[in-house]
Amino acid sequence: MPKLDHIHTAPQKILILGANGQLGQAFARMFEASTSSAQQDFVEDYVQASVGHIQRCSDLASAQDQGGPTATGSDKYKQLEQVCIQTQNRYKRTSESVLTLPGPSQGGPDLSTEHGLQALERYLLEHRPSIVINAAAYTAVDHAEQEPEKAFQLNAILPERLLKILAQWQGRLIHFSTDYVFNPNYETLAIQADKTIPYVGNGQLEPLTHNGLVKCGEDAFAESIIDPMSTYGLSKCGEEAVAESINTHGLSERSEDTVAKSMNTYGLRKCAEDAITEPINTYGLSKLAGEQAVLRSGLPVLLIRTSWLYSVSGHNFFNTMHRLMQQQTHISVVDDQWGVPTSVDFLVRYTWQLQQQGAQGLFHVVPDGVCTWFEFAQAIAQELSIAGETLRLKEILGQSYHQYQESMVAKNQGQGAAAARPAYAVLDNTKLKHTLNAALPTWRESLHAFIHA
């Protein structure tokens with residue numbers, strides 16, 4: 001019989017910061033599911049090798065419950081039962097240990113204060129985790145303009161302090177950042193907010209507007225073609241479009257199957273990891289400061305940029321749209337900002353794959369594809385309808401971000417204006433695909449899997 005001391009690797013102690021947030025919860029769910037599955041597989045494989053027959057621990061438990069032959073106490077089954085119990089106990093002592101540290105709303109330390117950081121440092125020194133997953137962050141983009149100190153404390157000072165402690169035992173940090181560290185070098189795409197492409201309740205889009213703009217849905221199999229003499233001549237192709245659309249302004253939107261970046265007279269292209277950063281709001285500045293602290297540490301870190309994160313919990317675009325679609329017949333959504341929607345399940349899955357491969361440095365972890373907030377809202381409505389949910393929604397209207405900012409000023413009586421946001425900070429995931437040697441789903445496929453899970 002093989003020795004138990006040689007059948008499992010040494011355990012890793014993993015600490016999740018921000019465990020009550022949408023990202024921290026997703027990591028906790030992943031570890032819980034993987035630990036349960038791995039434990040069962042490990043125990044079964046070991047028992048078969050040890051006892052020398054095909055009986056399984058799960059078969060043993062089932063037979064005992066039914067009063068079968070194992071209940072009579074034969075020598076063979078006594079041996080199997082003993083090995084099952086011994087191996088399960090051994091696995092529990094040697095498997096990954098996951099620690100979670102929630103935020104102050106759940107009784108954890110307030111990491112936006114010096115007192116909270118000192119409490120965290122004491123916790124780290126006591127538990128000495130092998131890996132810290134920093135899912136704690138300040139993400140209130142608009143509020144950051146009014147409380148920049150808190151944003152920088154959580155997004156920049158926290159990771160720097162983490163690394164100083166982890167350096168004592170070469171602990172590894174997994175840290176997350178944002179597309180908001182970018183701002184492509186152009187003023188506007190000259191897309192006006194008077195266009196309207198309504199959601200008409202059956203998952204279809206109005207094919208043409210009075211400005212001549214066409215938006216192809218993600219299920220389109222051909223490129224979108226528009227009147228080249230329309231006011232703006234813009235064409236927006238869906239993720240499965242075969243060819244890129246080209247218009248009189250030189251804007252090029254390539255399908256997700258092509259490797260090359262789209263380039264035009266405005267310099268529009270997806271942002272690679274080494275693209276020039278130029279945040280235009282306090283939130284972006286604080287996240288960039290955190291990136292710089294992480295990368296200059298010289299420690300084994302995994303730095304992940306992602307964008308437009310959503311999940312079933314927390315404050316995010318998906319949950320906001322879902323609620324509004326249940327409550328209102330008409331909603332307005334910004335249609336002149338582009339990005340890549342990313343579910344927390346996607347982010348957690350591919351981040352951990354990078355970790356398991358020992359990857360270090362900066363990676364963009366987003367699905368394939370690109371869309372506007374407007375198109376994202378359209379897709380949410382379509383997928384919810386496909387899933388059989390009845391929505392009160394009748395129409396989604398497009399509006400510019402400038403119009404949205406003006407509406408927020410009016411709503412808040414001149415206080416708390418919406419922060420500036422980049423219009424085309426689209427993350428390029430080529431490095432991720434090459435490192436993992438894997439094809440990635442589009443954002444629409446990821447959304448479909450998320451809703452229909």
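## Confidence and helix packing in a predicted model

Where pLDDT is low, the predicted coordinates should not be read in detail.

This is a predicted model, in which local features need pLDDT of at least 70 and side-chain atom pairs count only at pLDDT 80 or more, while totals for chains, interfaces and linings use all residues. Residues are numbered from 1 along each chain as its sequence is written, and side-chain values use heavy atoms, with hydrogens and water left out.

The mean pLDDT of the chain is 75, and 64% of the residues score at least 70. Confidence is highest in strand β13 (residues 342–343), at a mean of 98, and lowest in strand β7 (residues 245–246), at 30. Helices (H or I, at least four residues) and strands (E, at least two) are DSSP runs, numbered from the N terminus.

Two helix pairs are listed here. Axes are lines fitted to C-alpha atoms, for helices over the stretch in contact, and angles run from 0 to 180 degrees between N-to-C directions.

| Helix pair | Axes come within | Crossing angle |
|---|---|---|
| α5 (residues 148–166) and α6 (residues 282–295) | 8 Å | roughly 10° |
| α7 (residues 317–327) and α9 (residues 373–386) | 10 Å | roughly 60° |

Angles under 35 degrees count as roughly parallel, over 145 as roughly antiparallel, 65 to 115 as roughly perpendicular and the rest as oblique. α5 and α6 are therefore roughly parallel to each other. Residues of α5 in this contact include P148, F152, E160 and L163, and those of α6 include Y283, K287, G290 and V294. The contact of α5 with α6 has 11 nonpolar (Ala, Val, Leu, Ile, Met, Phe, Trp, Tyr, Cys and Pro), 2 charged (Asp, Glu, Lys and Arg) and 4 polar residues (the others, Gly among them).

The crossing angle of α7 and α9 is roughly 60°, which makes α7 oblique to α9. The crossing is right-handed (the near helix is turned clockwise from the far one by less than a right angle). On the α7 side the contact is made by F317, F318, M321, H322 and M325, and on the α9 side by W373, F376, A377, I380, A381 and L384. By class, these are 10 nonpolar, 1 polar and no charged residues.

M408 lies in helix α10 (residues 401–411). Its relative accessibility is 17%, so M408 counts as buried (under 20% relative accessible area, with a 1.4 Å probe and protein chains only; exposed is over 50%, partly exposed in between). The C-alpha atom of M408 is 6.6 Å from that of A418, 10 residues away along the chain.

Definitions and conventions: pLDDT is the predictor's confidence in each residue, from 0 to 100. Contact means heavy atoms within 4.5 Å.
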